[in-house]
Amino acid sequence: MEWTEVLSNPLLQNLPFKIELNRFGTILMSPASNRHGRIQGRMAANLINKLPSGEVITECSIQTSEGVKVADVVWASDAFIRQFAYETPYPKAPELCIEIVSPSNAKAEIRGKVDLYLAKGAQEVWVISEDGTTAVYSHIGKIGRSSIAPDAERV
C-alpha cells in the first residue's frame, strides 16, 4: 500500500491509533494514550513558543528507507517549508523530529526511528519517555542538550 492510498481510504479515517507503513507497504498500528497526547501537545506548544519562525507539525509523515514513519512532533525551518511545503509524506525529515515513547514501543523500534530520521536529514531527534525525560540524538549520537531548541526539551 502507498501512503496516498492510506490517506484516501475512507475506512482508515478517524482511527483511534497511529498508522505507519513498513518498507513492504504493510500498515503498522500503534495505540495512542491520553498521556501520549498530552506530551505531544505540550511539546508542540513549547516549540511554537521557543522557535517562532518555522513550523511545528504533529503526526508528520516522513518517507524513510523502511517505509513511511510518522513523527509525533516536528519542527521544520522556514527554508524546509519553502522547499517542501506540506508534501505528504515528506521525502526528507524536518530538522527536528520528536518521538514520544508509548508502552507498546520496543526500544529497538524507537532507536530504529531515530536512525531513520537522522538518515533522512534530521539534525536532531528527541525521544521523550512517558515520565517526561528527554534524550537528544544527533549525527554524533546521544548529546547532552539540543542545539536547535535547548529551552524546549522539558515537558
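**Entry 1: contacts and source**

I began with contacts in the protein chain, a contact being heavy atoms within 4.5 Å. Among those between residues at least 6 apart in sequence, 53% join residues at least 24 apart. I note that this is a predicted model, in which local features need pLDDT of at least 70 and side-chain atom pairs count only at pLDDT 80 or more, while totals for chains, interfaces and linings use all residues. Residues are numbered from 1 along each chain as its sequence is written, and side-chain values use heavy atoms, with hydrogens and water left out.

**Entry 2: secondary structure**

I looked up the helices (DSSP runs of H or I, at least four residues) and the strands (DSSP runs of E, at least two), both numbered from the N terminus. The protein chain has four helices and eight strands. Along the sequence I read the order α-β-β-α-β-β-α-β-α-β-β-β.

**Entry 3: surface**

I then turned to burial, where buried means under 20% relative accessible area, exposed means over 50%, and partly exposed lies in between (1.4 Å probe, protein chains only). The protein chain has 155 residues, and 47% of them count as buried. For accessible area (Shrake-Rupley method, 1.4 Å probe; for residues, only the protein chains shown count as cover), I recorded that the chain exposes about 8,200 Å². Carbon and sulfur atoms supply 52% of that area.

**Entry 4: salt bridges**

Side chains of opposite charge can pair when their charged atoms come close. I counted a salt bridge where a side-chain nitrogen of Lys or Arg is within 4 Å of a carboxyl oxygen of Asp or Glu. The count came to three salt bridges.

I looked up the pair of lysine 113 and glutamate 99, whose closest N and O atoms are 3.3 Å apart. Lysine 113 lies in helix H4 (residues 107-119) and glutamate 99 in strand E5 (residues 96-100), so this pair ties together parts that are 14 residues apart in sequence. Lysine 113 is buried, at 5% relative accessible area, and glutamate 99 is buried as well, at 2%.

I next recorded the salt bridge of aspartate 115 with arginine 111, with 2.9 Å between the closest N and O atoms. These residues are four apart in helix H4, which separates aspartate 115 and arginine 111 by about one helical turn. Aspartate 115 is partly exposed, at 37% relative accessibility, and arginine 111 is partly exposed, with a relative accessible area of 37%.

Finally, I noted the salt bridge between arginine 145 and aspartate 151, at 3.1 Å from N to O. Aspartate 151 is exposed, with a relative accessible area of 53%.
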